[in-house]
Every structure is written in structure tokens, then in C-alpha cells.
Amino acid sequence: MNQGKAKLEMIASMVIFGTIGLVRRSIPYSSAMIAFFRGIIATLVLLLVHVIRRQPFDKAALKANMVKLLVSGAMIGFNWVLLFEAYRYTTVSVATVCYYMAPVFIMISSPFTLGEKITAKKAVCIILALFGVVLVSGVFEPNQMQTHDHLKGVLFGLGAALLYACVVTINKEIKGVSGMDRTIFQMGPAALAVLPYWLLTDNISAIALEAEPVIMILIAGLINTALAYDLYFASIQSLSAQSAALMSYIDPVVAIILSATLLREGMSALSAIGVILVLGSAVAGETTLAKKKR
């Protein structure tokens, strides 16, 4: 694949990922229900793509990594639940920015999980990102704290970020499994892990299925998950680590733009500064890591 096509596919996948907050806001059902059907739909679609393309699974690699795949898959399921809850309780932009603390959490844990030293640059990135989250949380703005149960949304977003950081760390230990195989064998367990939680916390018999929300759930599974991941893995092999790391931040930028324009969610000056600090620190940290891998 040429670089131009790979970049377009990567951009397309990030734009699609960036709309998931907007899609979630259009679905009146519980976060666990959405996460379950998102995982099931994406798994079935990606399995179908696998069959159509006649791509055999590497059974030996899957067997060797199955425990890690199952654990990380379960984490992905609850990561989705927490992120969808964050979208419920605060603005899409704030939830997204909190979620993008994941690279910062990885930097913080890197001495213990990756055997890496925290350099002066990483330390500065961590401190600035943490300060940014404090600004985004609204603790200096009492009026914002009362909006949409704002602080609860911030905590859900940070919880999602922490789970995603754990998934990334586990994925670094998964060897010999292709990106598509990994996604299929994580999406399925993600849905299955969330299923008992959904059944226990939701009144299934009282759910009134309506056409529009059901269509939006299908979009979440087909477009925001299956198609987005297919585009992502189609492009990632042709791009440098640094290019991929930088382009991944199209996702939060799209989410923030949609939050401001379509959802009309305002942002205070302090929150805007916090957004810049968090995303800027995450970009700096990830590009440093990408350079080391080249």
C-alpha cells in the first residue's frame, strides 16, 4: 500500500473513532447494553471479513496468547462502559480529553511495566497533563462542577483511560498475533465480559426497542468499530510509528469539534487550557516513544 492511501485510511479511521461520543448521545439505552452489542456486532462483521479475505488464523500464536487476549478483551469491554458513562455525565470533549490520559498513565507506569526510566521530558509531560486534568475537572469552577454531574463524568473518563492503559500494556506482551486477529479475539471477550454486568444492572424486560436507537447501535458496531478497526489495521503497517502516533490525535480533535458545534457544549477558558495541556503532553510522550521504536 502506498503512503498516501495509508494516510487517508488512518485519517478516516480516526475521524470515525472521533464520532463515537456523538453516537452514544443518540442512544437512550444503558452503557453496558451498548458496549455488549458494539462488541458482538464488530466481532461478527470482522469474522465475516476474515472469511471473505480467506485469511487463516494463526492458531499456534492465538493459543500461546489466549489468556492475555481474554483478559485484555474483558478490560476493553469495561473500558467502553466507563467511557460511555463519561459521555452521559459530562461533555463529549471533557470525557474524550480524560480518556486521552491513557498515554500519560502508561508513562507513569513505564518504570514498572516496561522497564523504562522516567526522563525529565516525561516527568514534565506527566505533571502538565495531571494539572490539565485538574483544570478540565472544574474544581476551580463551582458552576461547572454542578453541570451534568461533571465530576462523575471526569472520573468515569479517567477510569476508562486507566483500563485502556492496562490494555495497551498487556498488548505489548502479545507476540505473533496480527492486528486483525487480535481485535477479533478481544472484541468477542469484551462483549461476553460485559454481558453478565448488563443482565445484572439493567431491567431487560423494561427495555423498549425503538428504530432510531437500534440503528445507532448498529452504526456503533458496524461503522465506529468494525469499519474503523479494519481501516486502522489496513493502514498501520504502511505508516511509521511516529506518523501513526501523531495521526491518532485526530480522534480527540474531531470529538471536541463535534462537541462544540453539533452538541453545542461550551468550554470554559480554564478547561480549554486543560485540554491543550493534556493532549499536548500525551502527544509529546507518544512521539518520544515512537522515535525510540524507529
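# Helices and rings in a predicted model

Colleague: Y164 has a relative accessible area of 36%. Does that make Y164 buried, partly exposed or exposed?

Modeller: Keep in mind that this model is predicted. Buried means under 20% and exposed means over 50%. The 36% of Y164 lies between these limits, so Y164 counts as partly exposed.

Colleague: How are the rings of Y99 and Y164 arranged: stacked, tilted or edge-to-face?

Modeller: The whole structure holds 12 aromatic pairs. In the pair of Y99 and Y164, the ring centres are 5.8 Å apart and the planes stand at 45°. Planes under 30 degrees apart would be stacked and those over 60 edge-to-face, so this pair is tilted.

Colleague: How many residues apart in the chain are Y99 and Y164?

Modeller: Y99 sits in helix α5 and Y164 in helix α9. Their pair links distant parts of the chain, and the separation is 65 residues.

Colleague: What kinds of residue make the contact of α5 with α9?

Modeller: The two helices pack with axes 7 Å apart at an angle of about 35°, and α5 passes α9 in a right-handed crossing. From α5 come V94, A95, C98 and Y99, while the α9 side includes H150, V154 and Y164. Sorted by kind, the contact has no charged residues, 2 polar and 9 nonpolar.

Colleague: Which residues does N171 touch, leaving aside its neighbours within four places in sequence?

Modeller: N171 belongs to helix α9. With a relative accessible area of 17%, N171 is buried. Beyond those sequence neighbours, its contacts are S72, R182 and Q186.

Colleague: How far apart are the end C-alpha atoms of α6?

Modeller: Helix α6 covers residues 102-113, which is 12 residues. A straight helix would reach 16 Å at 1.5 Å a residue. The ends of α6 fall short of that, at only 14 Å.

Colleague: Which residue just after α6 takes a positive phi?

Modeller: Within α6, the buried residues include F105, I106 and M107. Just after this helix comes a phi of about 70°, and it belongs to G115.

How values were computed. Residues numbered from 1 in each chain as written. Predicted model: local features only at pLDDT ≥ 70, side-chain atom pairs only at ≥ 80, totals over all residues. Heavy atoms only, no water. Axes fitted to C-alpha atoms, helices over the stretch in contact; angles between N-to-C directions. Helix = DSSP H or I, 4+ residues; strand = E, 2+ residues; numbered from the N terminus. Left-handed = near helix turned anticlockwise from the far one by under 90°. Contact = heavy atoms within 4.5 Å. Nonpolar A, V, L, I, M, F, W, Y, C, P; charged D, E, K, R; others polar. Expected span 1.5 Å × (residues − 1). Buried < 20%, exposed > 50% of the residue type's maximum accessible area, 1.4 Å probe, protein only. Phe/Tyr/Trp six-rings, centres within 6.5 Å; stacked < 30°, edge-to-face > 60°.
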